[in-house]
Amino acid sequence: MMPEPENCPGTQSANAGLGSACQGCPNQQICSDPNKKLEDPGKALVAVAMKDVRNKLLVLSGKGGVGKSTVTMLLSRFLARKYSEKNFGVLDIDICGPSQPRLLGVEGENVHQSGSGWSPVGVDDNICLMSIGFLLGSPDDAIIWRGPKKNGMIRQFLSEVDWGNLDLLLLDTPPGTSDEHLSVVSYLRDDTQPNDLKAIIVTTPQEVSLLDVRKEINFCKKQRIEILGVVENMSIFRCGHCGKTSEIFPAKTGGARAMCEEMQVPFLGSLPLDPELTKACDKGEDITSLKSSTTEALEKICENIANIL
């Protein structure tokens, strides 16, 4: 099957097969026929490529800046260390803002291609990563793409990467509920199989963040994605000099715990705002072996999601 044109309207669009970008496409007749079920042919390719990936976990956030990518990195590092006999993958589908290569300490690595597809970059013995950050000429390059091209890139990541046997694939998503989220859900969800697509949602305690998280929860419910729970990041700040704690983001309405009770979703736990963690993220260092309030809280959160492994 030929790849879709850059401005493909998508098989679910009313303009499928009829747009100017459809002219000359080998799939035009299929897409324009109203009597045929319109399903993206890439979905079958994704199903074949992901057949040995047991579980997929979306890491979502309602708004940017809540530390979703950091939580993704921490979860992958901690789970890989705690369950050394299992294999983990990270897929960075934040197309316009890929940060996992830096957070996982593999920035500047090259992606190699073989007969079985792209080989994800090895982070540790049992962690691998794929990100568009590896395909850019410079870390400063901007990705200026419309939805269809983002959709095509996500499909390639899912169908053309040799993921091998994974116990868990964590998908670091951009904030919100837009193109990237709809694309990855449509490719990974299989209504004929048990639901192996799950999600955790990251927020900070203040109400402006919780308002957007409510939208994210409703998105998951409408898309029939099981929510494992909500992680409250940056819950408190512990000073490294005096040892005192303070609330940088005050939870005026009870924070994520109260919101979870209201929305009837599990509360996984809270992570403090840790200056040492910030330094380690910039350097791509693994801090999960260190003893700190962050790693102690992270261990409890991981225990709550380990039952999917």
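Predicted model: local features only at pLDDT ≥ 70, side-chain atom pairs only at ≥ 80, totals over all residues.

Student: Okay, so is N233 buried or exposed, and why?

Tutor: N233 is buried, because its relative accessibility is 8% and the cut-off is under 20%.

Student: Where does N233 sit, and what does N233 touch?

Tutor: N233 is in the loop between β9 and β10 (237-238). Skipping residues up to four places away in sequence, N233 touches V66, G67, V71, V202, T203, T204, P205, L271 and P272.

Student: Zooming out, how many helices and strands are in the chain?

Tutor: The chain has ten helices and twelve strands. Of its 309 residues, 50% are buried.

Student: And what share of the contacts join residues at least 24 apart?

Tutor: That share is 78%, counting contacts between residues at least 6 apart in sequence.

Student: Let's do the sheet. In what order do the eight strands come?

Tutor: The order is β5-β6-β2-β7-β1-β8-β9-β12, and this is an open sheet with mixed pairing. β5 and β12 (267-270) are at the edges with a single partner strand each, so one side of each has no neighbour in the sheet. On average, neighbouring strands are turned by 25 degrees against each other, ignoring direction.

Student: What holds strands together anyway?

Tutor: Strands of a sheet pair through backbone hydrogen bonds, and the pairing is either parallel or antiparallel.

Student: So how do β5 and β6 pair, parallel or antiparallel?

Tutor: Antiparallel: strand β5 (residues 121-124) and strand β6 (residues 127-131) pair over three bridges. A hairpin of two residues joins β5 to β6, and D124 stands opposite I127 in β6.

Student: What about the pairing of β9 with β12?

Tutor: Strand β9 (residues 226-232) pairs with β12 in the parallel sense, over three bridges. There, E232 stands opposite S270 in β12.

Student: Which strands does α8 touch?

Tutor: α8 packs on the sheet and touches β8 (197-203), β9 and β12. The direction of α8 makes about 155 degrees with that of β9. Helix α5 (residues 147-159) lies across β2 (88-92), β6 and β7 (168-172), running at about 165 degrees to β2.

Student: Back to α8. How do α7 and α8 cross?

Tutor: The axes of helix α7 (residues 207-222) and helix α8 (residues 255-263) come within 11 Å and cross at roughly 35 degrees. The crossing is right-handed.

Student: Which residues meet there?

Tutor: From α7 you have L210, V213, R214, I217, N218 and K221, and they meet G255, A256, M259, E262 and M263 in α8. Sorted by class, the contact has six nonpolar, two polar and three charged residues.

Student: New topic: the core. Which residues touch the most other members?

Tutor: In the largest nonpolar core, with 83 residues, those are L58, L75, L91, F157, L158, W163 and V184. Helix α3 (residues 68-82) gives the largest share of this core, seven residues.

Student: What is L91 in contact with?

Tutor: Leaving out its neighbours within four places in sequence, L91 is in contact with M130, F157, L158, W163, L169, L170, L171 and D172.

Student: V184 was on that core list too. How many residues of α6 are buried?

Tutor: Seven of the ten residues in helix α6 (residues 179-188) are buried. They are E180, H181, S183, V184, V185, Y187 and L188, and they pack against α2 (42-49), β1 (56-61), α5, β7, β8 and α7.

Student: Now R77. Is R77 buried or exposed?

Tutor: R77, which lies in helix α3, is buried, with a relative accessible area of 7%. Aside from neighbours within four places in sequence, its contacts include L104, D124, I127, E285 and D286.

Student: Last one: how far apart are G62 and L211?

Tutor: They are 149 residues apart in sequence and 8.0 Å apart in space, C-alpha to C-alpha. G62 lies in the loop between β1 and α3 and is buried, at 15% relative accessible area.

Key: Residues numbered from 1 in each chain as written. Heavy atoms only, no water. Axes fitted to C-alpha atoms, helices over the stretch in contact; angles between N-to-C directions. Helix = DSSP H or I, 4+ residues; strand = E, 2+ residues; numbered from the N terminus. Left-handed = near helix turned anticlockwise from the far one by under 90°. Contact = heavy atoms within 4.5 Å. Nonpolar A, V, L, I, M, F, W, Y, C, P; charged D, E, K, R; others polar. Pairing = 2+ DSSP bridges. Core = buried A, V, L, I, M, F, W, Y, C linked by side-chain atoms within 4.5 Å. Buried < 20%, exposed > 50% of the residue type's maximum accessible area, 1.4 Å probe, protein only.
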